[in-house]
Amino acid sequence: VTHVFGEHLGEWARGVALLRSLRELPAFDRSPAAEGAVARGIGALRYAEGDGVIQNDKEAARWFALAAKQGLAEAQYQYGLVLLQGRGVVQDYKSGFSWIEKPAKRGHAKAQYSLGELYRYGTATAIDKSRAYLWFNLAAAQGMDAAAKARDSLVWQLKPEQLAAMQ
């Protein structure tokens, strides 16, 4: 699993910036629940990175879980990674897959890319190159270069009708 998700582990600082930027969006309702989800997400990232606190994977996982359960897409994605890797929690591929799938279905590009990787390598699911192609294609459409390369690497492994069905 490290080969699939190792490159995403260094994104905590960018995740903090993303979570903080959510507060600036016009659609952010400033409700206590929305503010709480963002605060939990930021807390999780701080524990994961050791930003102002002692780095603690278990606490990071706990805070990611709280924010993820409130529907925060970035937290759902990060919590899925935590579960897949067993960082601060018992490793659970099935739950990790499920948590990554939630934001992927809502258009979260990194989650879409990661879901493509899970399908490509059969991690927490059966190998399904067609579905991998679909998720890579969706992430690539949002400008993710790694997803475009991954998608393109699968073209020769799929039949023309499979490709057509996944467009």
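Visitor: How many of the 13 residues of helix 7 are buried?
Guide: Twelve of them, so helix 7 is largely enclosed by the rest of the structure. Buried means under 20% relative accessible area, exposed means over 50%, and partly exposed lies in between (1.4 Å probe, protein chains only). Helices (H or I, at least four residues) and strands (E, at least two) are DSSP runs, numbered from the N terminus.

Visitor: Which residues of helix 7 are buried?
Guide: Among them are Ala 109, Lys 110, Tyr 113, Leu 115, Glu 117 and Arg 120.

Visitor: Where do these numbers come from?
Guide: The model is predicted: local features need pLDDT of at least 70, side-chain atom pairs count only at pLDDT 80 or more, and totals for chains, interfaces and linings use all residues. Residues are numbered from 1 along each chain as its sequence is written, and side-chain values use heavy atoms, with hydrogens and water left out.

Visitor: What is the mean pLDDT of the chain?
Guide: It is 82, and 77% of the residues reach 70 or more. pLDDT is the predictor's confidence in each residue, from 0 to 100. Over residues 1-10 it is below 50. Where pLDDT is low, the predicted coordinates should not be read in detail.

Visitor: Back to helix 7. How far apart are its end C-alpha atoms?
Guide: They are 19 Å apart. At 1.5 Å a residue, the 13 residues should span 18 Å, which agrees. The expected span is 1.5 Å times one less than the number of residues.

Visitor: How many helices and strands are there in the chain?
Guide: There are ten helices and zero strands.

Visitor: What share of the chain counts as buried?
Guide: Of the 167 residues, 46% do.

Visitor: Which residues touch the most other members in the largest nonpolar core?
Guide: Ile 100, Tyr 113 and Leu 115 do, in a core of 26 residues. Helices 5 (73-85), 6 (93-105), 7 (109-121), 8 (129-140) and 9 (145-154) each give two or more residues to this core. A nonpolar core is a set of buried Ala, Val, Leu, Ile, Met, Phe, Trp, Tyr and Cys residues joined through side-chain atoms within 4.5 Å.

Visitor: What lies apart from that core?
Guide: Another core, of 17 residues. Its members include Ala 44, Leu 45, Ala 60 and Val 82.

Visitor: New topic. How many aromatic pairs are there?
Guide: The count comes to three. Rings of Phe, Tyr and Trp (its six-membered ring) pair if their centres lie within 6.5 Å. Planes under 30 degrees apart count as stacked, over 60 as edge-to-face and the rest as tilted. Tyr 79 and Trp 99 form an edge-to-face pair, 5.5 Å centre to centre, with 70° between the planes.

Visitor: Where do Tyr 79 and Trp 99 lie?
Guide: Tyr 79 lies in helix 5 and Trp 99 in helix 6, so the pair ties together parts that are 20 residues apart in sequence. Both are buried.

Visitor: What about the rings of Tyr 113 and Phe 136?
Guide: Their centres are 5.6 Å apart and their planes are at 45°, so the pair is tilted. Tyr 113 lies in helix 7 and Phe 136 in helix 8, so this pair ties together parts that are 23 residues apart in sequence. Tyr 113 and Phe 136 are both buried.

Visitor: What comes just after helix 7?
Guide: Gly 122, with a positive phi of about 70°. Ala 124 sits in the loop between helix 7 and helix 8. Its phi is near 70°, a positive value in a residue other than glycine.

Visitor: Is Ala 124 buried or partly exposed?
Guide: Ala 124 has 31% relative accessibility, so it counts as partly exposed.

Definitions and conventions:
Contact means heavy atoms within 4.5 Å.
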